[in-house]
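Dear colleague,

I am handing over the structure below, and the notes that follow it set out what was found. Please read them alongside the coordinates.

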Amino acid sequence: MIMKRADAGMLAVLALAIILIPALLDDYWVLTFGTVGAIALAVIGLNVAMGWAGLLSFGQPVFMAVGGYTSALLTTRYSVNPWLALLCGLALSAVVAAVVGFPVLKLESHYFAVATFAMSLIVLSVINGAQGFTGGAIGITGIPPLTILSVSFADHLPYYALVWVLVALALLATYAIRASRTGRAFRVLAARPDVASSLGIRVRRYRVIAFVISAILASLAGSLVVEFSTYASPDNFNGDVGILVFAMLFIGGIRTASGPIIGAAVVTVVPVEATAIGKYSALTFELILLLILVVWPRGLGISVAEGVEDVVGRFVGSLGKPRAGGVPGAAGVAGGAGVSGGAGVAGGAGVAGGAGVAGGAGKPGAAEGQAHG
């Protein structure tokens, strides 16, 4: 099964909530959940690499930076159309992932994780160091937003709609891949990488494919963030972002469709709301994340969905059960023709004839039978 029933149900609930948010909540929440959707794209990409292909990666900020800064540089320095700049960022990220992936993906497990984390630090150093080109720590301002005719995606509602349409398309595309031969190869790599080669699976090739897909989605997330805010800064793509994206996937639920969205929402919204606590806000946020991972180690989304499904199943099942007084009916164990009934076990004049042992006609009847015999 490509998607569990509980996961599909949770995804349907999330889709309904996404549709209702602009109608029920104010502009602040529309902007907040638009940002959640953009970050969810990077988490979906990590889910492909780590959840499906078993690649432990902290490299999402690398490709978010490639996408974001490609869009920023092409639009501000060379007056390229923002949509074309976004596509150039996706293409460049795919090339970088493929070129870097072939040698780096020789590494296994945590060694690959360390390598991708080092890549994010290198990219951050390059951005900060090349001040004349990238703007350094100051960043790049005045980036033109994405537009279609007279609609500007710098406005909250159009941006919100665009982001969630892209999230839906990303989920459809990645789950189509999961249902294909490539997806089956990914699952073998994640479960038994030592067996994959013996089954004829070209291990490094499929790992690079997963890494490239992950990079493209991260690049899309970075470009959307930059195009909406019209500002590119190295602070948006530092190593902490990689750790947060990693945490989002596990909090929401790895190898699920709803997990990236739920994880992105929790890690994005909770810290902002926790600032009301004051100086203990960071501690509160970290304790909440720890609690979620301890109580729901499989992820918040799938655990809650399966819990609700179990409760509903028990309730529906209880509706079909007979009530407590239904078993001993009129013709049951104690009924008229039952064990103690008139024609019961010993019938007419038997042991329990008439009205039973104490019915007045039981034993005399038996004696009469013996006398005539």
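R205 belongs to helix 10, which covers residues 203-229, where helices are DSSP runs of H or I with at least four residues, numbered from the N terminus. This is a predicted model, in which local features need pLDDT of at least 70, side-chain atom pairs count only at pLDDT 80 or more, and totals for chains, interfaces and linings use all residues. Residues are numbered from 1 along each chain as its sequence is written, and side-chain values use heavy atoms, with hydrogens and water left out.

Helix 10 has 27 residues and spans 39 Å from its first C-alpha to its last, close to the 39 Å expected at 1.5 Å a residue, the expected span being 1.5 Å times one less than the number of residues. Of its 27 residues, 21 are buried, so helix 10 is largely enclosed by the rest of the structure; buried means under 20% relative accessible area, exposed over 50%, and partly exposed in between (1.4 Å probe, protein chains only). R205 itself is partly exposed, at a relative accessible area of 42%. Just after helix 10, T230 adopts a positive phi of about 55°.

**Two contacts elsewhere**

A305, in helix 14 (residues 300-319), counts as buried because its relative accessibility is 10%, and its C-alpha is separated by 5.9 Å from that of M10, 295 residues apart along the chain.

S79 sits in the loop between helix 3 (60-77) and helix 4 (82-104) and is exposed, with a relative accessible area of 65%. S79 and P144 are 65 residues apart in sequence, and their C-alpha atoms are 9.2 Å apart in space.

Best regards

Note on methods
Helices (H or I, at least four residues) and strands (E, at least two) are DSSP runs, numbered from the N terminus.
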